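This briefing goes through a structure by topic, from strand pairing to chain contacts and single residues. The sequence and the structure come first.

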There are 2 protein chains.
Amino acid sequence: MSKGITSRAENYSQWYNELVVKADLADNSVVRGCMVIKPYGYAIWEKMQAQLDKMFKETGHVNAYFPLFIPKSFFSREASHVEGFAKECAVVTHYRLKNSSDGKGIVVDSDARLEEELIVRPTSETIIWNTYKDWIQSYRDLPILINQWANVVRWEMRTRLFLRTAEFLWQEGHTAHADKEEALAETVKMINVYADFLEKYMAVPVIKGRKTEKERFAGALDTYSIEALMQDGKALQAGTSHFLGQNFAKAFDVKFATRQGTLDYVWATSWGVSTRLMGALIMAHSDDNGLVLPPKLAPIHVVIVPIYQKTEQLAQLAETILPLKKELESKGWTVKFDDRDTVKPGFKFAEHELKGIPVRIAIGPRDMENGTVEIARRDTLEKKVYPMNEAVERVTCLMDEIQENIFRKAKEFRKANTRQTDSYDEFKEMLEKGGFIMAHWDGTGETEERIKEETKATIRCLPLDASEETGKCLLTGKPSQRRVLFARSY
Amino acid sequence: MSKGITSRAENYSQWYNELVVKADLADNSVVRGCMVIKPYGYAIWEKMQAQLDKMFKETGHVNAYFPLFIPKSFFSREASHVEGFAKECAVVTHYRLKNSSDGKGIVVDSDARLEEELIVRPTSETIIWNTYKDWIQSYRDLPILINQWANVVRWEMRTRLFLRTAEFLWQEGHTAHADKEEALAETVKMINVYADFLEKYMAVPVIKGRKTEKERFAGALDTYSIEALMQDGKALQAGTSHFLGQNFAKAFDVKFATRQGTLDYVWATSWGVSTRLMGALIMAHSDDNGLVLPPKLAPIHVVIVPIYQKTEQLAQLAETILPLKKELESKGWTVKFDDRDTVKPGFKFAEHELKGIPVRIAIGPRDMENGTVEIARRDTLEKKVYPMNEAVERVTCLMDEIQENIFRKAKEFRKANTRQTDSYDEFKEMLEKGGFIMAHWDGTGETEERIKEETKATIRCLPLDASEETGKCLLTGKPSQRRVLFARSY
């Protein structure tokens, strides 16, 4: 097949959009801002979900499900939450349709107006804390460590597949604790779980850090995030974990009897990652030939392509290929035997590259004679001939090698694109190249805002591992104790 | 703990409602008709999902995700679909809120009115077939075998936890085929998958059959269902599979180039089961002491309760219990060691019975001396003392025994409550006792409707395995070729 994708150099943004559609990951739907996640894209998301779910359960969490709809008034309960969240939402006002009087269609039944409008959840803190009120009486009921896999809706004006869509899929953890320290520890634990997932499974290196006050979640006292660097030099916030203090407990009057017999408000955290991770995965590794997937999240690990002229040869090749397929499957790999006779091998190769299948094995009549196979790896596009009896071992090694190699490559890219400066002019020049910039900041919202207005760069986070280093703010020259991470971002 | 559940004999409906709440399965939310699925209930649903998903994949299906919202006009496209579906729906009319002018809350921003209202999906045939239009050009693109796990909303007036809620979780399969026979075969295949799941995993026997024209899915040419009998003698429709013919392809203009080079409309099926299965599971097996769960779907298989007077003894018991727990876990069982020191063993026993944990092991100081354990099974409430070194094997056997026993019990119950009659008067008497009634019917909608009006009984299905038997319609005396299944239902 001809891939016909715009190259990254030509137009990165177009490359991304075309890749998502042509690799059969997702597509825009007829409903503004809502995407269709196609089977191949969904298979990757399922792998992400399964691994994240395992990690959540290993850290003591359980799943539950709360309503899609939230009464409008709930959003006004927590003052800063309403400012940040309740504006661009899908609003349900009616619960019935009826035949139109001209008999030609259906119309909203004006008699079926809801007394109070319902909001399609943009996030579930309010409905969940309203429920926790009934579940929590004493310290014995704590902690509550719940996660929810769900769809949420935020009426974004400008949308992009996976990165920013009106409806998206995510998980949202909502935990309740008897004391502040435990809630803080949970907040940090979960940002670490996310970082582990991105680095070990997605092969995407991340910077963990705290958000500035301005960039915090609406209603949080502290927000931790992980920031990844995309190939175009833009940062992508890949996950957040929020310390909510007692804000939602106060808003929904959730008190508990402490061990000491007093009454106190419950401490809260929330944390989430979404189908946006798909965007991060695609943009971190893929190239002008298509997707590059880490083996740990690839729906298909190996594709086997028979090379033949005549149909009779296919049957012969299958006699060798099917046992090989079976043996690879017994090692835990998902294998596809691409025996389509409607397209040529070259077309197949291009298609498998486009879809990011980590390893391709080609076997032709000459291989049969020689007892060999040709093995190609997707990340480097290298191909080499091996003795057939080494194929299974080679594939197994390659999976580790590819997983490590794309992680290493992403780390090197980030290293090469992380800069440091103390000059505002140099800062602006650096921004044009893209990448992360570590610079001093005076800690004020005014400075942060001015830098953003003037350069479109935001403070991505205050990295947790930033060393103490006295310096002067890039813009104002006021004193600073450590550098913060700036970048333009998605 | 005191269970305090109403008995089934006293009030079956109240027993059910109380059990769902007290066993921590689900609860009503503040949003009318929407439930909160609590962690224990959700853990059972996750087990159901995992098994069903496996069975769908084994039969060649893949998952995908389509938008939550459907443009209103889509429902008018398929004439019978609009009649059956698009009426009691949640309607999104606006996409923004704003601060109220009095500054005291938020109101819907009347400037942000959608041009066309969006319906929260009650089922997804319309949006999916509108998408398939872009995916299908030729017979090479067929079949499409897609499933979606999703939430859906139907604005039901009278709701009951799991059985009928405004929002519920489900899966909906939507397949597209090049010919009628293949689509028909798919429809039957999936009703068989559902029947297998209910019988082998949920231990709920079902009758497979076809729905009458009146009871068909809106837009289907044929609907297959599985019908289960609950302990109060009412039928519950547990799953449906629809042969949609070319109706949706015609409504959304989905044509394909056939192998012969002509153009034809695509053939369709859809099929679904929902969180309603949770209701079926609960009502089929549970008793006045609480839930009875089939081991194959139980989130916790074994609970171990230490019996002791003094706290020192607990540490000693733990030395025996922890290795036992580990060994049971190595066999694949999920084991809970209930070492709470805040409640007595009797309270724990009652709680574990309420929650339907299949096997309970109690170990006290005397057991330690004698090298024994007491093993109790939830289905029969029998308990017996075994040598400690037989415990693991005994538990493993018990899991099979319990799974089989509750299935056998449910089948016997159904057998005892399936009756046959040729007299309308006797039919009415039988209905008062509850249960399934096999009777002759003349095949007309008028008769079906009159019987329903007069007796509240509906034709649940035309059982697939009904033998040919000439007879006379119960009501009209007109000729009939086979008996159909009547019952009052949920």
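In this predicted model, strand 23 (residues 436-440) of chain B runs antiparallel to strand 27 (residues 483-487) of chain B, and 4 bridges join the two. Within strand 27 of chain B, the residue opposite B:Met438 is B:Leu485. Both strands belong to an open sheet of 11 strands in chain B.

**The sheet in chain B**
- The strand order of this sheet is 3-9-10-16-13-12-11-24-27-23-22, and the pairing is mixed.
- Strand 3 (62-63) and strand 22 (418-420) of chain B have a single partner strand each, so one side of each lacks a neighbour in the sheet.
- In general, strands of a sheet pair through backbone hydrogen bonds, in either the parallel or the antiparallel sense.

**Make-up of chain A**
- Chain A has 13 helices and 27 strands.
- Its C-alpha atoms fill a box of roughly 80 × 70 × 55 Å along the principal axes.
- The domain assignment divides chain A into domain 1 (12-285), domain 2 (302-398) and domain 3 (418-487).
- Between the C-alpha centres of domain 2 and domain 3 of chain A the distance is 50 Å.
- Chain A has 490 residues, of which 49% count as buried.
- Of the contacts in chain A between residues at least 6 apart in sequence, 67% join residues at least 24 apart.

**Contact between the chains**
- Chain B contributes 53 residues to the contact, and chain A contributes 53 residues.
- The side of chain B that touches chain A consists of 33 nonpolar, 11 polar and 9 charged residues.
- Across the two chains, strand 5 (residues 91-94) of chain A pairs with strand 5 (residues 91-94) of chain B, antiparallel and over 3 bridges.
- In this pairing A:Val92 stands opposite B:Val92.

**Relation of the two copies**
- The same surface serves both copies, as 98% of the contact residues of chain B recur in chain A.

**Helix 1 of chain B**
- Which residues of helix 1 (residues 12-22) of chain B are buried? They are B:Trp15, B:Tyr16, B:Leu19 and B:Val20.
- These residues cover an arc of only 125° around the axis, which means that they lie on the same side of helix 1 of chain B.
- An α-helix has 3.6 residues a turn, so residues three or four places apart point the same way.
- Among the elements that cover the buried residues of helix 1 of chain B are strand 1 (26-28) and helix 7 (276-285) of chain B.

**A:Asp264 and its surroundings**
- A:Asp264 lies in strand 15 (residues 263-265) of chain A.
- Is A:Asp264 buried or partly exposed? A:Asp264 has 15 C-beta neighbours inside 10 Å and therefore counts as partly exposed, since a buried residue needs 20 or more.
- Leaving out residues up to four places away in sequence, A:Asp264 touches A:Lys255, A:Phe256 and A:Thr258.
- A:Lys250 is 14 residues from A:Asp264 in sequence, and their C-alpha atoms are 9.8 Å apart.

Key. Residues numbered from 1 in each chain as written. Chains lettered and ligands numbered in written order. Predicted model: local features only at pLDDT ≥ 70, side-chain atom pairs only at ≥ 80, totals over all residues. Pairing = 2+ DSSP bridges. Domains from an automatic or database assignment. Buried ≥ 20, exposed ≤ 12 C-beta atoms within 10 Å, placed from the backbone. Contact = placed C-beta atoms within 7 Å. Nonpolar A, V, L, I, M, F, W, Y, C, P; charged D, E, K, R; others polar. Arc of directions from axis to C-beta.
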